[in-house]
Amino acid sequence: MNTDPHKLVEAHDCPMSSCGAPAGSPCRTTAGKVAVQYHTARFRLVPSLKAELNIPTPAVRRPGAKWEEHPRPAATAASGPHGHVRIAYARASTVRQSLDTQLDAFAAAGITQVFSEKISTRVKDRPERS
């Protein structure tokens, strides 16, 4: 198994619409340069890197250089899911209210990462939204 973080990240297409780097390529900026670090949404697709705050683009990818698309890696069954990151936030104002309808709608849409809480909109510090 490959343990280089940049290769694990680059096994996935970048889900950021402003980047759109295909699998096998580094992330890019809107100015068409190689990004200095990978977009968070992309390295969160790798389960072992989900908790990381920063995955720098390695020097071999020449951060700041003109971006060019690299060949896509061969797809394997073990490479896991590809595509956009889909997360959701469900909230109810009171403990008596149910989140079931929201959670069912998210599940039907294929969203697997849901943050939920029962808390008033007047509360300024909402832990699940931070």
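User: In this predicted model, why is the contact between the side chains of R61 and E10 called a salt bridge?

Analyst: The N to O distance between the side chains of R61 and E10 is 2.5 Å. The cut-off is within 4 Å, for a nitrogen of Lys or Arg and a carboxyl oxygen of Asp or Glu, so the pair is called a salt bridge.

User: What makes this a link between distant parts of the chain?

Analyst: R61 lies in the loop between α2 (40–43) and β1 (87–92), while E10 lies in the loop between α1 (5–9) and α2. The two residues are 51 residues apart.

User: Are R61 and E10 buried or exposed?

Analyst: R61 is buried, and E10 is buried as well.

User: Why is the pair of D13 and R72 said to tie parts of the chain together?

Analyst: The side chains of D13 and R72 form a salt bridge, with 2.9 Å from N to O. D13 is in the loop between α1 and α2 and R72 in the loop between α2 and β1, so the pair joins parts that are 59 residues apart in sequence.

User: Why does D13 count as partly exposed?

Analyst: The relative accessibility of D13 is 26%. Buried requires under 20% and exposed over 50%, so a value in between is called partly exposed.

User: How do you know that K7 and D4 meet in a salt bridge, and what is the exposure of K7 and of D4?

Analyst: Their side chains are 3.8 Å apart, N to O, and the limit is within 4 Å, so the contact qualifies. K7 has a relative accessible area of 40% and D4 has 33%. Both residues are therefore partly exposed.

User: How many salt bridges does this rule give?

Analyst: The count is three salt bridges.

Key. Residues numbered from 1 in each chain as written. Predicted model: local features only at pLDDT ≥ 70, side-chain atom pairs only at ≥ 80, totals over all residues. Heavy atoms only, no water. Buried < 20%, exposed > 50% of the residue type's maximum accessible area, 1.4 Å probe, protein only. Helix = DSSP H or I, 4+ residues; strand = E, 2+ residues; numbered from the N terminus.
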